[in-house]
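Please open the structure in your viewer and keep the selection tool at hand.

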Amino acid sequence: AHGRINPDNLFYGDSLTVGECISEPCGYSQDFHFEPVERMQALPAGKGECSVADDIYALGILAAWLRIGAGILAEPNRLLHLKRLLRDGTHYALVGNRELSDTIKDLLRGTLNDNTLERWTSTQLK
């Protein structure tokens with residue numbers, strides 16, 4: 001697992017490169033918007049190991065950010081953002097009833113699933 005998939009850690013050149021992830025505990029400096037609720041609630045040094053499911057979630061947030069716009073992550077307060085996600089569910093809180101293509105709807109529904117066991121795997125993502 002990478003633990004730091006977000007727009008500030010992606011670099012574009014001849015190809016897309018994801019920045020490093022080994023100089024600190026997994027997810028230590030990850031932007032809270034790109035973490036599932038179970039990791040968002042922990043202090044940076046107490047999150048434990050990352051999983052591929054956490055990276056899949058971050059990719060889903062990145063896809064929503066690219067498709068819908070940065071406004072979906074406008075809440076700067078981690079606690080308020082977390083409360084909204086817990087109240088409404090991540091998918092509905094960020095996507096809501098927006099008109100999107102079936103392909104992107106499926107991608108976001110699978111990657112932003114709040115149940116880690118039901119979240120898409122890398123095989124389903126492919």
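The stops below visit a core, a lysine and the cysteines of this predicted model.

**First stop: the nonpolar core**

Begin by selecting Phe-34, Ile-61, Leu-73, Leu-85, Leu-94, Leu-108 and Leu-112, the residues with the most contacts inside the largest nonpolar core. That core has 23 residues in total. Next, colour the helices that build it: H1 (37-40), H2 (52-68), H3 (78-88), H4 (90-95) and H5 (102-111) each supply at least two of its residues. Which helix gives the most to this core? It is H2, with 6 residues.

Now centre the view on Leu-85 and display its surroundings. Apart from its neighbours within four places in sequence, Leu-85 is in contact with Val-37, Met-40 and Tyr-57, and also with Thr-90, Ala-93 and Leu-94.

**Second stop: Lys-47**

Move to the loop between H1 and H2 and select Lys-47 there. Is this lysine, Lys-47, buried or exposed? Its relative accessible area is 13%, under the 20% limit, and Lys-47 therefore counts as buried.

Follow the side chain of Lys-47 to find its polar partners. The side chain reaches the backbone oxygen of Gly-27 at 2.8 Å. The side chain of Lys-47 also makes a polar contact with the side chain of Glu-35, at 2.7 Å.

How many disulfides does a search of the whole structure find? The search finds 1. Select Cys-26 and Cys-50 to see the disulfide that joins them, with a distance of 2.1 Å from S to S. These two residues link distant parts of the chain, 24 residues apart: Cys-26 lies in the loop between strand E2 (16-18) and H1, while Cys-50 lies in the loop between H1 and H2. Both Cys-26 and Cys-50 are buried.

Finally, select Cys-21, which is in no disulfide. The nearest cysteine sulfur to that of Cys-21 belongs to Cys-26 and is 6.8 Å away; a disulfide requires sulfur atoms within 2.5 Å. Cys-21 is partly exposed, with a relative accessible area of 25%.

Terms used. Residues numbered from 1 in each chain as written. Predicted model: local features only at pLDDT ≥ 70, side-chain atom pairs only at ≥ 80, totals over all residues. Heavy atoms only, no water. Core = buried A, V, L, I, M, F, W, Y, C linked by side-chain atoms within 4.5 Å. Buried < 20%, exposed > 50% of the residue type's maximum accessible area, 1.4 Å probe, protein only. Helix = DSSP H or I, 4+ residues; strand = E, 2+ residues; numbered from the N terminus. Contact = heavy atoms within 4.5 Å. Polar contact = N/O pair within 3.5 Å; in protein donor to acceptor, adjacent residues only side chain to side chain.
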